[in-house]
Amino acid sequence: MPIYLSSAHRMDDEEIILFDKDTIVTKAPKKSPLILRMVVLLFAMVCGVFICLVCLKQINTQTKTKLLNIVAINHRDQINQPCQVPDDHEQSEISYLHYPKPQTFKRRECVCNPVRYFAILSKQRSGSGWFETLLNSHINVSSNGEIFSVQDRRVNVSSILKNMDKVYNLDWFSSSSKNECSAAVGFKWMLNQGLMENHQEIVKYFKEKGVSAIFLFRKNLLRRKISVLANSYDKDAKQLNGTHKSHTHSPLEAQILAKYKPKINATLLIPDLKQDEEEAAKAIEYFKTTRHIVVYYEEVINNRTKLDEVQDFLRLPHRELKSRQVKIHTTSLSKQVENWGDVEKALRGTSYESFMHADYQLHSSVSPTNLS
């Protein structure tokens, strides 16, 4: 017989319902729904905060990566993209503007500063050393000296072109190098240093690379002859404390070297002067299709604006150009030659007679010079 217990009979707040004599069901007491909701809400909040932190971290990392990629791409593009040609340059000038990318250093903020290539083409004892020091006194010019005086550098055309590439790529270092922000870079080249023998390939190179030629010659070939003989003597005599110097930087050194008076072979004088004259004319003829300018030593001495013309030719801002070199021979020609009477006799009545009388005044803006 089933037994029923009324709801009034409780034991420890538990409800016991007997359905029959074999079955007893115990029902747990009801808990407050507010507490459960608070627990669920708190758990959801903790999970939400954790998920948000993870997501923010991922977003921040991705953003930084994207920003770094953008900076790297922009930097790479800035390096690889060609520099803009300044608006003030004419179309005909563009082929003479270069933006070298040297292998040995970075041009940094000057990477897009255009550079012009040049070469000083001359003959020994024509004023090229002094002229080059004048150019190098300009803050924007790097002229690297007589690079082909070394035989190995001009053993063949390939060697010549390779060394010129090194100079014009700003990878040639000398005491005159101002490579990072140079506006004009070049070197000095004597006609007898492989230039005339390989003129065809060199003219082609100059035209393809946009190299400008500066011819520097001496009008008074007799003075050049005397200087060549005096310099040749000092190579053996070494008059300055056992040292040979082609150029001097003090009046005392110049005075010592000027004491020597060479003896000129009067019989060969006319043929020698004629050969010098023809060789200079031939060089100008060979390079007439290149961009070039012809400058004479005497013009630079007597005309202070001649250096401005050279700076204009290289498209440089005008600067006062100076040299520390000191002139060696300052007296008249008759006092510089041992057998002056023979020289006078050989030149009298010829087209070279004027060389004995022509002289020049040292201009204060460019003197002193080293030339004899």
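Predicted model: local features only at pLDDT ≥ 70, side-chain atom pairs only at ≥ 80, totals over all residues.
**Figure 1. Side chains of strand β6.** Val-211, Ala-213, Phe-215 and Phe-217 point one way from β6, whereas Ser-212, Ile-214 and Leu-216 point the other way, and all are buried. Buried means under 20% relative accessible area, exposed over 50%, and partly exposed in between, with a 1.4 Å probe and protein chains only. In a regular strand the side chains alternate between the two faces of the sheet. Residues are numbered from 1 along each chain as its sequence is written, and side-chain values use heavy atoms, with hydrogens and water left out.

**Figure 2. Strands β3 and β7 as partners of β6.** Strand β3 (residues 116-122) pairs with β6 in the parallel sense over 6 bridges. Within this pair, Phe-118 stands opposite Ser-212. Strand β7 (residues 292-296) and β6 also pair in the parallel sense, over 5 bridges. Here Val-295 of β7 is the bridge partner of Leu-216. Two strands pair if DSSP finds at least two bridges between them. Helices (H or I, at least four residues) and strands (E, at least two) are DSSP runs numbered from the N terminus; the protein chain has 11 helices and 7 strands.

**Figure 3. The nonpolar cores.** The largest nonpolar core has 30 residues, and those with the most contacts inside it are Leu-121, Met-164, Tyr-168, Phe-187, Trp-189, Phe-206 and Phe-287. Two or more residues of this core come from each of β3, α3 (157-168), β5 (184-190), α4 (191-195), α5 (199-209), β6 and α8 (266-286). A second, separate core of 21 residues includes Leu-134, Ala-184, Ile-301 and Val-310. A nonpolar core is a set of buried Ala, Val, Leu, Ile, Met, Phe, Trp, Tyr and Cys residues joined through side-chain atoms within 4.5 Å. Leaving out residues up to four places away in sequence, Phe-187 touches residues including Phe-118, Ile-120, Phe-148, Met-164 and Tyr-168. Contact means heavy atoms within 4.5 Å. Of the 372 residues of the protein chain, 38% count as buried.

**Figure 4. A nonpolar surface patch.** Leu-34, Met-38, Leu-41 and Met-45 make a nonpolar surface patch of about 440 Å². Met-45 is found in helix α1 (residues 33-80). Patches are made of residues with over 30% relative accessible area and no salt bridge, with like charges joined within 9 Å and nonpolar side chains (Val, Leu, Ile, Met, Phe, Trp, Tyr) within 5 Å. A salt bridge is a side-chain nitrogen of Lys or Arg within 4 Å of a carboxyl oxygen of Asp or Glu. Accessible areas come from the Shrake-Rupley method with a 1.4 Å probe; for residues, only the protein chains shown count as cover.

Figure 5. Glu-338 is found in the loop between α10 (306-313) and α11 (340-347) and is exposed, with a relative accessible area of 55%. Its C-alpha atom is separated by 8.9 Å from that of Tyr-260, 78 residues apart along the chain. Arg-315 lies in the loop between α10 and α11, has a positive phi of about 55° although it is not a glycine, and counts as partly exposed at 42% relative accessibility. Arg-125, in the loop between β3 and α2 (128-136), has a positive phi of about 60° and is buried, with a relative accessible area of 10%.
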